[in-house]
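Please open the model in a viewer and keep the selection tool at hand.

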Amino acid sequence: MRTSLAGRITALTVVVAGIAVLVAGFVSVRLVITTARDVTRATLVNQADVVSDQIGETPRGRVVEVLQGQGISVVRIGAGGALRGDASAVQAVRDADRRSGVTGQWIVEVRDRFALVQRADYAGATTRKLIRNIALALAFGLVLAAVTGGLLGNLLSRPLRRTAGVAMAMSSGRRDLRAPEHGPVEVSDVAVAVNGLADALQHSESRQRDFLLSVSHELRTPLTAVIGFSESLADGVVTGPDVVEVGRTIHEESQRLDRLVADLLDLARLGADDFRLDVADVDLVPVVRSAADVWHARCAAKGVVFTLEMPVHPVVVRTDARRIRQVLDGLLENAVRVTPAGRPVVLSLGTVLQVRDGGPGLSDEDYRIAFDRGALHAKYELSRPVGTGIGLALVHGLVTRLGGRITAGPAPEGGACFTVALTPGV
């Protein structure tokens, strides 16, 4: 059964206070008892001195009567060492070996001709009163500790309860609430963390909405073309030689839709455990050369100058050849799209893979967010050719799943440079 933080703090305070009360009570009672015994013995010593001084002046019966009135027994010591007096007192003197001191429950003070014997006042009225007063004070302290613990627990748990309320509201969809960032350092840290999470969720959801809007727009464009041309065919508006051109357009737009959907599926699957990777030792030279053959032709069709930089020796890494080809295609498609005619696109293989372009490039801030879904698309869709906003995010996810690292920065050719570092093979 779970208990609240306030309840736990109260219980802990009571337990600690209870232990302190027990220790303090034990020490206090022992101190009271020891003090009472010492006081009793000191009093008995004084009485023995008085009796010793006055034994010849005061009638014997009167002395005994006065002492007995104080709870003191007189034991006579004869010339031969014989003891006379109350039996219990005589036995106490014998147990003390006829010497002054404490024996059992008796205090014995011995002189030449007599001994005074008094019961040790462990449970006397004064001692009991003192013990009662101590017990009352300690009980009051325990109650005060319980009340203080309850107040302290409620005080400490109040900001946590508010933070929990904010977290529950966030789980219901609220993003405008923030937890109070005050109180003890640990409690304040929790509130700061929850507020940071709320800000991150708000930012992430805003980015997701923008991304979905972007994807919806990208889907709508080819769908509009497919629907429009297919209706033209169905209604008989397009006939004769135009049918071939319309069919080609529908086919191209359908392929565009297929690539977009495939990218979306791959992006969604990247975080799943069942995302398939066929990792092995791969020589990147034939993989890069194969990609270069395809993209050289595409660059030529657009008027972009394509350059391939290859080493003369194999470059073996531990990776998935099919996924690396997918990474290269994504980076090259992005580079060719933004590079104007006459400018270069470079595919380079060395210790790392690089795709460089002579396009407009990016700002330092843009390089930091280049792999965020839809970030560059949302910023540049009105000023330069853009894709779906998925490509670079998918490339980053693929390289990360392959155990590699991808970075973005300026290229010597004037545009952007994307560098992929992979794990060397054996």
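The stops below concern a sheet, the helices beside it, the cysteines and the salt bridges.

The model is predicted. Begin by selecting the five strands of the open sheet, whose order is β7-β9-β10-β12-β11 and whose pairing is mixed. At its edges are β7 (305–309) and β11 (405–410), each of which pairs on one side only. On average, neighbouring strands of this sheet are turned by 10 degrees against each other, direction ignored.

**The hairpin of β11 and β12**

Next, select β11 together with β12 (residues 416–421). These two strands pair in the antiparallel sense over six bridges. They form a hairpin with five residues between them. In the turn, Gly 414 has a positive phi of about 105 degrees. Which residue of β12 is the bridge partner of Gly 409? The partner is Cys 417. Now select Thr 407, which stands opposite Thr 419 in β12.

**The helices on the sheet**

Select helix α7 (residues 284–302). This helix lies across β7, β9 (344–349) and β10 (353–357), and runs at about 170 degrees to β7.

Select Cys 299 and Cys 417. Are these residues buried or exposed? Cys 299 has 0% relative accessibility and therefore counts as buried. Cys 417, at 8% relative accessibility, also counts as buried, because the limit for that class is under 20%. The structure holds zero disulfides.

**The salt bridges**

How many salt bridges does the structure hold? There are six, and the stops that follow visit some of them. Side chains of opposite charge can pair when their charged atoms come close.

Select Arg 248 and Glu 245 in helix α6 (residues 242–269); the two are three residues apart, about one turn of the helix. They form a salt bridge, with the closest N and O atoms 2.6 Å apart. Arg 248 counts as partly exposed at 41% relative accessibility, and Glu 245 is partly exposed with a relative accessible area of 44%.

Move on to Asp 281 and Arg 318. Their salt bridge has its closest N and O atoms 3.3 Å apart. Asp 281 lies in strand β6 (residues 280–283) and Arg 318 in strand β8 (residues 316–319), so the pair ties together parts that are 37 residues apart in sequence. Asp 281 counts as partly exposed at 34% relative accessibility, and Arg 318 is partly exposed with a relative accessible area of 39%.

For the last stop, return to the sheet and select Arg 356 and Glu 413. Their side chains meet in a salt bridge (3.1 Å, N to O). Arg 356 lies in strand β10, whereas Glu 413 lies in the loop between β11 and β12, so this pair ties together parts that are 57 residues apart in sequence. Both Arg 356 and Glu 413 are buried.

Definitions and conventions: Residues numbered from 1 in each chain as written. Predicted model: local features only at pLDDT ≥ 70, side-chain atom pairs only at ≥ 80, totals over all residues. Heavy atoms only, no water. Pairing = 2+ DSSP bridges. Helix = DSSP H or I, 4+ residues; strand = E, 2+ residues; numbered from the N terminus. Axes fitted to C-alpha atoms, helices over the stretch in contact; angles between N-to-C directions. Contact = heavy atoms within 4.5 Å. Disulfide = S-S within 2.5 Å. Buried < 20%, exposed > 50% of the residue type's maximum accessible area, 1.4 Å probe, protein only. Salt bridge = Lys/Arg side-chain N within 4 Å of Asp/Glu carboxyl O.
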